Amino acid sequence: MIQNELKKAVGIKSVDLIQPHMTVGLGTGSTVYYMVEELGRRVQEENLAVECVTTSNRTWKQAEKLGIPLKKLDEVHTIDLTIDGADEIDQNYQGIKGGGGAHTREKIVALNSHQNVWIVDQSKMVSHLGKFPLPLEVNPFGSQQLFERLQAENLHPVFRVDDQGNQFLTHMKNYVIDLHLKEIKHPHLLADWLDHQSGIIEHGLFLDVVNTVIIGSDNGPKIIDHIR
Ligand SMILES: O=C[C@H](O)[C@H](O)[C@H](O)COP(=O)(O)O
């Protein structure tokens, strides 16, 4: 199966986990796109009653068009379930997110959710994290000094640029620095160090977050449940 078909299959499958009257977090990305389309269909055709918060303007616009009831994060008390994509998941179900630069809002929503589900095609499953560059959302103020600090630590930073070669901006108008690490041997130690650097708004290591992973494979979606 081609990659988009795998993404579509897991996107559709994940909507089965949404129960009536849940508050649901909607992630961001090309896999989540299919989940949101299917959720919109069930809201429209099957009167599935839910309220949703989103992790990006992109997802908000898509969900709004489909008539999915939306709330701002600060308007809800709890989030029952969040469904999101991931860029890499290792054998301990730790992840890297932020390939689209949406990881700050994604992490805020994830850490406020009772359950987190990641939907991925099989290419995202890896033995060790780090082949995918680790995204950092950084404050533009002092970003050059931060960049040099990251260089001095041998973390191989690269400022992300957009298609036109301009500085990539997140929707909060911050920069993204990607760390080209090849392999992250100690994800918790790295996350802890990054958490203590001024100027880093959020990094893309999502550790001990996910409860369920749905992996798209040629044999159909495979659900790994009760991870934590
Ligand atoms: O910033 C982007 C998000 O973290 C996405 O969830 C992640 O990049 C996976 O996206 P996709 O499903 O398009 O590969």
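Author: One term to begin with: two residues are in contact if their C-beta atoms, placed from the backbone, lie within 7 Å. Also, this is a predicted model.

Reader: What pLDDT does the chain get on average?

Author: The mean pLDDT is 97, and 100% of the residues in the chain reach 70 or more. For the complex, the predictor gives an ipTM of 0.97 and a pTM of 0.97.

Reader: OK, helices. What does α1 pack against?

Author: Its buried residues pack against α2 (30–46), β3 (79–84), β6 (113–121) and β12 (212–216).

Reader: Which residues of α1 are buried?

Author: In α1, these are Leu6, Lys7, Lys8, Val10, Gly11, Lys13 and Ser14.

Reader: And how many residues does α1 have?

Author: Helix α1 runs over residues 3–14, which is 12 residues. From its first C-alpha to its last it reaches 17 Å, close to the 16 Å expected at 1.5 Å a residue.

Reader: Changing topic. Which residues come nearest to the ligand?

Author: Gly29, Ser30, Gly85, Gly99 and Gly100 come nearest, out of 17 residues around the ligand. The elements that give two or more residues to that shell are α2 and α4.

Reader: What is the shell like by class?

Author: It has 11 polar, 4 charged and 2 nonpolar residues.

Reader: You mentioned α4. Which residue does UniProt list for "active site"?

Author: The UniProt entry, which is unreviewed, lists Glu106 under "active site". Glu106 lies in helix α4, residues 103–111.

Reader: Is Glu106 buried or exposed?

Author: Glu106 is buried, because it has 30 C-beta neighbours inside 10 Å.

Reader: What does Glu106 touch?

Author: Not counting residues up to four places away in sequence, Glu106 touches Gly27, Thr28, Thr55, Asp84 and Lys97.

Reader: Next, where is Glu88?

Author: Glu88 is in strand β4, residues 88–89. Glu88 counts as buried because 23 other C-beta atoms lie within 10 Å.

Reader: And which residues is Glu88 in contact with?

Author: Leaving aside neighbours within four places in sequence, Glu88 is in contact with Gly95, Ile96, Lys124, Val126, Leu129, Lys131 and Phe132.

Reader: What about Arg58 and Tyr33, C-alpha to C-alpha?

Author: Arg58 and Tyr33 are 9.5 Å apart in space and 25 residues apart in sequence. Arg58 lies in helix α3, residues 57–65. Arg58 is partly exposed, because 17 other C-beta atoms lie within 10 Å.

Reader: Last topic, the backbone. What is the phi of Asn47?

Author: Asn47 has a positive phi of about 50 degrees, although it is not a glycine.

Reader: Why point that out?

Author: Because most residues other than glycine have a negative phi.

Reader: Where does Asn47 sit, then?

Author: Asn47 is in the loop between α2 and β2 (51–54). Asn47 counts as exposed because it has 8 C-beta neighbours inside 10 Å.

Reader: And what is the phi of Lys173?

Author: The phi of Lys173 is near 65 degrees, a positive value in a residue other than glycine. Lys173 is in the loop between β8 (157–159) and β9 (175–179). With 8 other C-beta atoms within 10 Å, Lys173 is exposed.

Methods: Residues numbered from 1 in each chain as written. Predicted model: local features only at pLDDT ≥ 70, side-chain atom pairs only at ≥ 80, totals over all residues. UniProt positions renumbered as here; feature names shortened; annotations may be inferred. Helix = DSSP H or I, 4+ residues; strand = E, 2+ residues; numbered from the N terminus. Buried ≥ 20, exposed ≤ 12 C-beta atoms within 10 Å, placed from the backbone. pLDDT = per-residue confidence, 0-100. Expected span 1.5 Å × (residues − 1). Near = placed C-beta within 6 Å. Nonpolar A, V, L, I, M, F, W, Y, C, P; charged D, E, K, R; others polar.
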